[in-house]
Amino acid sequence: RYNLLDRSFEDDYAPMCEELGLGVAPWGSLAEGFLSGKHTKESAGDTKRINSTSEHSKVERNWKILQVVQQIATETNRSCSQISINWMLRKGI
């Protein structure tokens, strides 16, 4: 798992993989859709529907990260998904 919300890979495994020449296949780059930009705080509070983003929506830090992603997406005329995936790809992992 590697995305803007969960960067633990950078400290825990990335240095080891680089040192040993191991390939990496990151997954969860959109944090179960949370970083796609289609969710709002209002829709996250809808208890009628439980979705895979519910854990991400409980953390205020994640909403701040999403807000920055949305700002960059607007400035660059790209989608939030494109911004989130491009960030991961540019990390060189």
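Helix H6 buries Cys80, Ser81, Ile83, Ser84, Trp87 and Met88; buried means under 20% relative accessible area, exposed over 50%, partly exposed in between (1.4 Å probe, protein chains only). Helices here are DSSP runs (H or I, at least four residues), numbered from the N terminus. The model is predicted: local features need pLDDT of at least 70, side-chain atom pairs count only at pLDDT 80 or more, and totals for chains, interfaces and linings use all residues. Residues are numbered from 1 along each chain as its sequence is written, and side-chain values use heavy atoms, with hydrogens and water left out.

The buried residues of H6 pack against H1 and helix H5 (60-76). Contact means heavy atoms within 4.5 Å. After H6 comes Gly92, with a positive phi near 75°.

The structure holds four aromatic pairs. Rings of Phe, Tyr and Trp (its six-membered ring) pair if their centres lie within 6.5 Å; planes under 30 degrees apart count as stacked, over 60 as edge-to-face and the rest as tilted. One of the pairs joins Tyr2 and Trp87: the rings are tilted, 5.4 Å centre to centre, with 35° between the planes. This pair links distant parts of the chain, 85 residues apart: Tyr2 lies in the segment before helix H1 (8-12), Trp87 in helix H6 (residues 80-90). Tyr2, Phe9, Tyr13 and Trp87 form one aromatic cluster.

Two residues compare as follows.

| Residue | Relative accessible area | Class |
|---|---|---|
| Tyr2 | 2% | buried |
| Gln82 | 43% | partly exposed |

Gln82 sits in helix H6. Gln82 and Val69 are 13 residues apart in sequence and 9.6 Å apart in space, C-alpha to C-alpha.

Conventions. Helix = DSSP H or I, 4+ residues; strand = E, 2+ residues; numbered from the N terminus.
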